[in-house]
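Opening the notebook on this one.

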Amino acid sequence: MATVKLMTDAQADAIPAVKAVFDDIRETRGSDFINNVWRALAWDPESLERTWSQVKSVMAVPGALDPKTREMIYIAVSAANACSYCVHSHTAAARAKGMTDAEHGELLRIIGLASMTNALVTSLQVPVDPEFEAWQ
């Protein structure tokens, strides 16, 4: 159950700062769809604008990583942080950017393996190898 109300398009249109962000989301993504996360954040226009600006500056600009890879990383971090909404949202985005069933399956295996080995190494308190610290 949601802890906040989701802003409708009619409500967003009445708040210029929110309307501007929603319009930018639509333009940037080439879609009329506004995710619920943006509708929830819209009640705080400053947080909405700041969060969208940060997301846009990382996820919607050219970079060394292709868009599908970025989405797959977002899935992994979201799974590690137990954010069901983000896992679903970024899985849909990765699929829209070409992630195959085979890639998704491999990604889930890597996430599961990393979670298990991270927990194991953390519980054992394994010291970091000096060779790895050289990169710092």
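**Aromatic pair**

I count one aromatic pair, taking rings of Phe, Tyr and Trp (its six-membered ring) with centres within 6.5 Å, planes under 30 degrees apart being stacked, over 60 edge-to-face and the rest tilted. Trp38 and Trp52 make an edge-to-face pair, 5.4 Å centre to centre with 90° between the planes. Trp38 sits in helix H3 (residues 36-41) and Trp52 in helix H4 (residues 45-59), so the pair ties together parts 14 residues apart in sequence. Helices here are DSSP runs (H or I, at least four residues), numbered from the N terminus. Both Trp38 and Trp52 are buried, meaning under 20% relative accessible area with a 1.4 Å probe, protein chains only.

This is a predicted model: local features need pLDDT of at least 70, side-chain atom pairs count only at pLDDT 80 or more, and totals for chains, interfaces and linings use all residues. Residues are numbered from 1 along each chain as its sequence is written, and side-chain values use heavy atoms, without hydrogens and water.

Leaving aside neighbours within four places in sequence, Phe22 is in contact (heavy atoms within 4.5 Å) with residues including Asp9, Trp38, Arg39 and Leu48.

Conventions: Helices (H or I, at least four residues) and strands (E, at least two) are DSSP runs, numbered from the N terminus. Buried means under 20% relative accessible area, exposed over 50%, partly exposed in between (1.4 Å probe, protein chains only).
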